[in-house]
Amino acid sequence: MNCNHSHYELSQCLDGRLPAGRRAAVLQHAANCAPCGAFWGELQQAQQLVQRLRQPRVGSDFRETLFARIASGEGTPEAVFHEPVPALTKVRYAFTGAAAAAAVIAAALWFAPGQTQRPGAQVAAATNATTPVGPRAEPLPSVQPPLIAATQPLGFHLVAREAARQLDQRYDAAAAALRRVEGGDAKALPTVLENADEVHAFGELLLDLRDRKRLLFTESEIEPDLRFAVRVLGESQRGRRDLQTMQAMVAPALRSSRLAAVSRTIAPVQLDRSEEMEVLQRLTAQRPDIFPKLFIVIGSSGGLDDDFAMLRSGTAFRFDDDCGPSWVAPRSEVESREGVWRRVFDRSQNGAAKVRVAPK
Amino acid sequence: MATANAQNEPDPVTMVAYHRALAEHADSLKAYAARLLGDAIAAEDVAQDAFLALYRHISQVPTAAFRPWLFRVARNLCLDQLRRRKFKLSLFRDLQRVDDDQPFTPVDRASDRPDEVAETREANAAIEQAIEQLPMKFREAFLLCEVEGLSYEDAAAVMGCPVKTVSTRLFRARARFQSLVSRLIKV
């Protein structure tokens, strides 16, 4: 009997969900298998612990208040039948929105007055001289090789590495701002707190992956330092966002310079595809706030957003969901390339925004 | 807030069932909401809103389904509140501060030794903290089945997912919970 499955069945056994024959077989296995026997004992112990918890009681005026509300004719609160939108659906909506935004930008570029030549027009003219050069003669620019052509599926190890990279960068930024504050520049305080919050978010994600045995730290000192920083920075978010909190909590949390090199010390564990998907789905479902901090949607099946054409081949990744594929790029990559390229925001006469990228 | 539904007074037999539900499930609903929201005062409001909703829709809810229906409504209300807050909540963090008169931990008996009382309080705080640390989906299954004792079928109706999913989430929640309270478990 597989011990992992045995654990699952023991959990069902605890609730009386197994047929008698199966229950006997599972308990027999637990009696002969030390790990499963220990797990079974712990399951029962844990259940007893939970049963010891005391339930809070409603206030003494609960009934009177309720019946007063009923008597006053108060209706059903609106949120009662409101079905919450699952986080994955929100992500799908975000991707659909990104696709729509890309389409709008493409359309704006297409019809903008004064735009004499659209992207890809030269290629079209060269490959088919008989094709009339006009707005309706050419197809919209679609997926642009080689950036898109070279994409790999987005995997959890990329998520972990990007989180670690972001953590390094935010730590550096926080530490630099911290030195400015300590030097008397109080204006740098918001920068310290903002970057410390990011360090907390990315650190929390990495530690969660570590706790789930999805990654390891190759240097033993990193993990305790990171745990300390995440715990204290988490506490600091509940305090007042002022100089005192910074001195008492944020500064000690950021004391370890090892946090500037977390990305060099993580080793993601090899997972199969289903486990990869589980990690990614859990991330998007439980922390919808953190995915956009790690990856930026650069295109969808409708094509690549022109604004990201400066990315290098191999830096975009494919993310499949129910709405079809989308392409994302690590935020650190986008930001580093933005340092090399600059965006030119040009407004045409009718106000339609055009977005281009050009070398510095 | 929606306007009042034009409804007649429920019949006496249904009202008996309603009062019984009130007596049996109000505390459980408050506990469930408190552990989802981390706010005992808001949790009491959620419990009351759920019972108000039940009264308004009592003709559509079979008596036997009162309990999962109430939990489902409480869950929707809690998720709505959590969504509105837009930031990560730490469950129970402020609970003892705002609700000192309604402790989760057992009331200390005069005969108990102080060191035992302190130990029990510490253990209960660790258990509450372990529940808090469970991921939301696992925590829901854990609270409904393990803490409140709902059947898998009722929990599935509350969570809006298949029974198998409840079973899997509960298993994972238990495994995670065990690791979190391992120091309290003496096998």
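Predicted model: local features only at pLDDT ≥ 70, side-chain atom pairs only at ≥ 80, totals over all residues.

What follows is a short chat about the two chains, taken one topic at a time.

Biologist: Before we start, what kind of model is this?
Modeller: Local features here need a pLDDT of at least 70.

Biologist: How many helices and strands does chain A have?
Modeller: Chain A has 360 residues, and 28% of them count as buried. Among its contacts with a separation of 6 or more, 70% join residues 24 or more positions apart. As for secondary structure, the count for chain A is 13 helices and nine strands.

Biologist: And how many helices and strands are there in chain B?
Modeller: Chain B has 187 residues, with 42% counted as buried. Of its contacts with a separation of 6 or more, 64% are between residues 24 or more positions apart. Reading from the N terminus, its elements go α-α-α-α-α-α-α-α. That gives eight helices and zero strands.

Biologist: Which element gives the most to the side of chain A that touches chain B?
Modeller: On the contact between the chains, 40 residues of chain A meet 52 residues of chain B. Elements giving two or more residues to chain A's side are α1 (3-14), α3 (34-51) and α4 (62-71) of chain A. By class, that side has 17 nonpolar, 14 polar and nine charged residues. The top contributor, with nine residues, is α3(A).

Biologist: Let's look inside chain A. How far apart are the end C-alpha atoms of helix α7 (residues 156-182) of chain A?
Modeller: The helix has 27 residues, and at 1.5 Å a residue it should span 39 Å. Beyond it comes A:G184, with a positive phi near 105 degrees.

Biologist: Is A:E204 buried or exposed?
Modeller: A:E204 lies in helix α8 (residues 189-211) of chain A. The cut-off for burial is 20 or more other C-beta atoms within 10 Å. A:E204 has 22 of them, so it is buried.

Biologist: How are α9(A) and α10(A) oriented to each other, roughly?
Modeller: Helix α9 (residues 222-238) and helix α10 (residues 243-253) of chain A pack with their axes 8 Å apart, at an angle of about 160 degrees. Angles over 145 count as roughly antiparallel. The pair is therefore roughly antiparallel.

Biologist: Which residues of α10(A) meet α9(A)?
Modeller: α9(A) passes α10(A) in a left-handed crossing. From α9(A), the contact takes in A:F228, A:A229, A:V232, A:L233, A:E235 and A:S236. On the α10(A) side are A:T245, A:M249, A:V250, A:P252 and A:A253.

Biologist: What classes do the residues of that contact of α9(A) with α10(A) divide into?
Modeller: The residues come from both helices, with A:F228 of α9(A) and A:M249 of α10(A) among them. They divide into eight nonpolar, two polar and one charged.

Biologist: Over in chain B, how are α7(B) and α8(B) oriented to each other, roughly?
Modeller: Helix α7 (residues 152-159) and helix α8 (residues 163-180) of chain B have axes 8 Å apart. B:Y152, B:E153, B:A155, B:A156 and B:M159 in α7(B) meet B:V163, B:V166 and B:S167 in α8(B). By class, the contact has six nonpolar, one polar and one charged residue. The angle is about 100 degrees, so the two helices are roughly perpendicular.

Conventions. Residues numbered from 1 in each chain as written. Chains lettered and ligands numbered in written order. Axes fitted to C-alpha atoms, helices over the stretch in contact; angles between N-to-C directions. Helix = DSSP H or I, 4+ residues; strand = E, 2+ residues; numbered from the N terminus. Parallel < 35°, antiparallel > 145°, perpendicular 65-115°, else oblique. Left-handed = near helix turned anticlockwise from the far one by under 90°. Contact = placed C-beta atoms within 7 Å. Nonpolar A, V, L, I, M, F, W, Y, C, P; charged D, E, K, R; others polar. Expected span 1.5 Å × (residues − 1). Buried ≥ 20, exposed ≤ 12 C-beta atoms within 10 Å, placed from the backbone.
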